[in-house]
Amino acid sequence: MPDLVFYTNPQSRGRIVRWMLEEVRQPYDTEIVSYSEMKSERFLAVNPMGKVPAIKHRDHVVTECAAICAFLADVFPEAGLVPRDDEKADYYRWLFYAAGPLEQAITNKAMGFAHPAEKDRMFGYGNFDAVVAVLDELFSLRDYVCGERFTAADVYVGSQIMASMQFGMLPERDSFLRYRDRLQSREAYKRAAEIDDRAQAQAQPAQPQPA
Ligand SMILES: N[C@@H](CCC(=O)N[C@@H](CS)C(=O)NCC(=O)O)C(=O)O
């Protein structure tokens with residue numbers, strides 16, 4: 001039995017972790033958790049937030065996509081996705097930036113929550129336009145979060161950027177589109193997407209079409 005169990009739903013942020021799992025290429029068991037099961041006693045024992053994704057590695061549960069990506073990179077260093085010493089500053093900086101300020105900016109924007117400009121200083125992300133400009137500059141100057149080389153930080157930062165663009169919550173800047181193309185050409189990305197698309201189709205069988 002594999003040391004890793006992956007709790008997910010194919011229509012969730014679990015897709016980020018699926019990609020990371022495919023990058024590290026370790027055996028894992030998948031448990032699909034339906035939205036109606038997420039607040040069950042059984043699943044709350046795994047994640048008291050009642051949310052996916054989560055992983056269990058031996059006796060340890062890890063939740064939060066960014067933490068899971070960093071954890072898997074650390075535990076399976078042979079995948080080559082941990083930062084080298086000279087990459088650590090960028091790796092941690094932008095991983096935490098994406099899990100905090102970027103995600104808040106995007107969800108607030110999607111919900112139509114706006115704050116007056118004079119309150120920017122109270123918000124960790126300042127304002128949405130500033131977040132977009134900072135990321136646009138970053139990916140105009142480099143191919144990956146840490147520069148030339150793909151690391152686990154790209155799985156998370158890239159997923160946030162790609163999903164937000166896909167749902168129309170982030171503008172399609174050229175730098176973001178080029179970054180997306182680089183990431184989507186990865187074999188592990190394609191494998192993960194295929195697995196989740198298949199799981200999603202099984203969960204929602206196609207409706208018969210009227211003749
Ligand atoms: N901060 C968490 C967010 C997890 C999350 O919100 N997951 C959603 C699916 S994308 C969920 O499980 N929602 C079910 C619920 O809240 O009942 C992470 O990064 O993993």
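Modeller: Between two axes, angles under 35 degrees count as roughly parallel, over 145 as roughly antiparallel, 65 to 115 as roughly perpendicular, and the rest as oblique. The model discussed here is predicted.

Biologist: Is the crossing of H1 and H8 left-handed or right-handed, and how many of the contact residues are charged?

Modeller: The crossing of these two helices is right-handed. On the H1 side, Arg15, Arg18, Trp19, Glu22 and Glu23 take part, and they meet residues of H8 including Ala188, Arg191, Asp196 and Asp197. The contact residues comprise 6 nonpolar, 1 polar and, as the number of charged residues, 7.

Biologist: How many of the residues of H1 are buried?

Modeller: H1 is mostly covered. Among its buried residues are Gly14, Ile16, Trp19, Leu21 and Val24. Of the 11 residues in H1, the number buried is 10.

Biologist: Is Glu22 buried or exposed?

Modeller: Glu22 belongs to H1. Buried means under 20% relative accessible area. The value for Glu22 is 10%, so this residue counts as buried.

Biologist: With which side chain does the side chain of Glu22 make a polar contact?

Modeller: Leaving aside neighbours within four places in sequence, Glu22 is in contact with Tyr28, Ala188, Arg191, Ala192 and Ile195. One of these is joined to the Glu22 side chain by a polar contact of 2.8 Å, and that partner is the side chain of Arg191.

Biologist: Which residue just after H1 takes a positive phi?

Modeller: H1 ends at residue 24. Just after this helix, a positive phi of about 55 degrees is taken by Arg25.

Biologist: Is Glu187 buried or exposed, and how far apart in space are Glu187 and Trp19, C-alpha to C-alpha?

Modeller: Glu187 lies in H8. Its relative accessibility is 52%, so Glu187 counts as exposed. Glu187 and Trp19 are 168 residues apart in sequence, while the distance between their C-alpha atoms is 9.7 Å.

Biologist: Which word describes how H4 and H6 lie relative to each other?

Modeller: Helix H4 spans residues 88-111 and helix H6 spans residues 152-166; their axes come within 9 Å and cross at roughly 20 degrees. Because angles under 35 degrees carry that description, H4 and H6 are roughly parallel.

Biologist: How many nonpolar residues does the contact of H4 with H6 hold?

Modeller: H4 passes H6 in a left-handed crossing. Residues of H4 including Tyr91, Trp94 and Leu102 meet residues of H6 including Ala152, Tyr156 and Val157. The contact holds 2 polar residues, 1 charged residue and, as the nonpolar number, 11.

Biologist: Which backbone oxygen does the side chain of Arg182 reach?

Modeller: Arg182 is placed in helix H7, residues 174-184. Not counting residues up to four places away in sequence, Arg182 touches Arg142, Asp143 and Tyr144. At 3.1 Å, its side chain reaches the backbone oxygen of Asp143.

Biologist: How far apart in space are Leu138 and Phe176, C-alpha to C-alpha?

Modeller: Leu138 lies in helix H5, residues 128-141. Its relative accessibility is 8%, so Leu138 counts as buried. Leu138 and Phe176 are 38 residues apart in sequence, and their C-alpha distance is 9.7 Å.

How values were computed: Residues are numbered from 1 along each chain as its sequence is written. This is a predicted model: local features need pLDDT of at least 70, side-chain atom pairs count only at pLDDT 80 or more; totals for chains, interfaces and linings use all residues. Side-chain values use heavy atoms; hydrogens and water are left out. Axes are lines fitted to C-alpha atoms, for helices over the stretch in contact, and angles run from 0 to 180 degrees between N-to-C directions. Helices (H or I, at least four residues) and strands (E, at least two) are DSSP runs, numbered from the N terminus. A crossing is left-handed if the near helix is turned anticlockwise from the far one by less than a right angle, and right-handed if clockwise. Contact means heavy atoms within 4.5 Å. Ala, Val, Leu, Ile, Met, Phe, Trp, Tyr, Cys and Pro count as nonpolar, Asp, Glu, Lys and Arg as charged, and the others, Gly among them, as polar. Buried means under 20% relative accessible area, exposed over 50%, partly exposed in between (1.4 Å probe, protein chains only). A polar contact is a pair of N or O atoms within 3.5 Å; within protein, one must be able to donate a hydrogen and the other to accept it, and residues adjacent in sequence count only if both atoms are side-chain atoms.
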